[in-house]
Amino acid sequence: ELYPTRVVPSSTAPYPLPKSPQPLSDVTYSLLGETHNLADFLARPEHRGLIVVRDGHVTLEHYAAGHTPETRWVSFSVTKSVTSLLIGAAIQAGYIDSLEDPIARYLPRLQATPYAEASIKNLLQMSSGIAWNEDYADPASDVARAGAANGLALANYLSQLPRVAPAGTRFNYNTGETNLAGELLRAAIGNNAATFLSNTIWQPFGMASDANWLLGAPGGGETGGCCISATLRDYARLGLFVLTGGTLPDGEQVLPTNWITESITPSAAFAGYGYFWWLAGDGRYSAQGIFGQHIFIDPAQNLVIAVHSNEETAVDSLHAQHLVAVIERLSKAP
């Protein structure tokens, strides 16, 4: 209603999410030396929605007042992980040859800039070596000035930033470069990202509801690093798609067979990050967005936990600590 978006049309055959015959009962978790129960967490005002899917069955699904299974909720940086998936799909479809390709091969405007030394893989691992300030509380930071930039404005802004480390050697969280990954994706496929997402994953895997994706301008390009709005259940379905390694219900392989394995392999610059995925270090990983949006995946437990939140600050809130503790506890619940 407030900003331009592009619809990501849903499937006519939704992927089923049956209820588990053994739903989760109330569990307790510890935080800051105190014991809390799940009901207390679900009553917190920052909580909007929580779903737990184990072995393909919903063991817990809860919505706060005013939030429903039909509510589309903004994902913030969860979208970064979706952009990573789409780059994998573009490789599988033949639009991109290799992650070792230089960024400037697909975005020649960057040829005479420090980005000429960075590869697509550097971009996905946030290790381009280019300076960037992601401080959300600083109105003069790069993310405040250009965190939602797209197109020519984004390329011009990033082109002026200096190189501070050799490509691939230093991790620096950078929303601007995830938007740049969106630019690269669209340039490679010759199409917009929302249509590509719908045609490759959203419809064929069976997402039940339309999503929408924030645009940089009316009729413009999608913001690669932010702001797909989708229902909680479709967040969970996206996690289930990733659990399959990128395989559709009909058996078609949408992603390269080793893409998810590579995506969750620690980068040389930072062991806690892959291709726009946060890594727990024990095989578990997640897509995370500010204000408490999560898609948590535990392959060993065949588990997906998806979360909608409305935290009081972008990062480091008390609720964020509760959420991490709850996810940790739920991942171990029988």
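This is a predicted model: local features need pLDDT of at least 70, side-chain atom pairs count only at pLDDT 80 or more; totals for chains, interfaces and linings use all residues.
In what order do the four strands of the open sheet stand, and is their pairing parallel or antiparallel? The order is β1-β7-β8-β6, and the pairing is antiparallel. Strands β1, residues 5-8, and β6, residues 73-74, stand at the edges with a single partner strand each, so one side of each is left without a neighbour in the sheet.

Strand β1 runs antiparallel to β7, residues 211-214, and four bridges join the two. Within this pairing, arginine 6 stands opposite tryptophan 213 of β7. Arginine 6 also belongs to a network of salt bridges, in which it is linked with Glu183, Arg186 and Glu222.

I turn next to helix α7, which covers residues 175-189. From the first C-alpha to the last, this helix of 15 residues reaches 21 Å, close to the 21 Å expected at 1.5 Å a residue. Helix α7 is mostly covered, with 14 of its 15 residues buried. At its start, asparagine 174 places a side-chain oxygen within 2.9 Å of the backbone nitrogen of glycine 176. Just after the helix comes glycine 190, with a positive phi of about 65°.

Between α8, residues 193-205, and β7 lies a loop that holds methionine 207. Is this residue buried or exposed? Methionine 207 has 0% relative accessibility, and buried means under 20%, so this residue counts as buried. Beyond its neighbours within four places in sequence, the contacts of methionine 207 include Ser10, Ser11, Trp202, Asp234 and Leu238.

The next region is built around strand β11, residues 293-298. Six of the six residues of β11 are buried. Gln293, Ile295 and Ile297 point one way from the strand, while His294, Phe296 and Asp298 point the other way; all are buried. Strand β11 pairs in the antiparallel sense with β10, residues 285-289, over five bridges. With β12, residues 303-309, β11 likewise pairs in the antiparallel sense over five bridges. Isoleucine 295 illustrates both pairings: alanine 287 is a bridge partner of this residue, and in β12 its bridge partner is alanine 306.

The hairpin of β11 and β12 has four residues between its strands, and asparagine 302 in the turn has a positive phi of about 50°.

Finally, the salt bridges. How many does the structure hold? There are 13. One of them joins arginine 44 to glutamate 46, with 3.6 Å between the closest N and O atoms, and both of these residues are buried. Another joins arginine 105 and aspartate 97 at 2.5 Å, N to O; here arginine 105 is partly exposed, with a relative accessible area of 47%.

Arginine 284 and glutamate 328 form a further salt bridge, their closest N and O atoms being 3.1 Å apart. This pair links distant parts of the chain: arginine 284 sits in the loop between β9 and β10, and glutamate 328 in helix α11, 44 residues apart. Arginine 284 is buried, at 11% relative accessible area, whereas glutamate 328 is partly exposed, at 33%.

Note on methods: Residues are numbered from 1 along each chain as its sequence is written. Side-chain values use heavy atoms; hydrogens and water are left out. Two strands pair if DSSP finds at least two bridges between them. The expected span of a helix is 1.5 Å times one less than its number of residues. Buried means under 20% relative accessible area, exposed over 50%, partly exposed in between (1.4 Å probe, protein chains only). A polar contact is a pair of N or O atoms within 3.5 Å; within protein, one must be able to donate a hydrogen and the other to accept it, and residues adjacent in sequence count only if both atoms are side-chain atoms. Contact means heavy atoms within 4.5 Å. A salt bridge is a side-chain nitrogen of Lys or Arg within 4 Å of a carboxyl oxygen of Asp or Glu.
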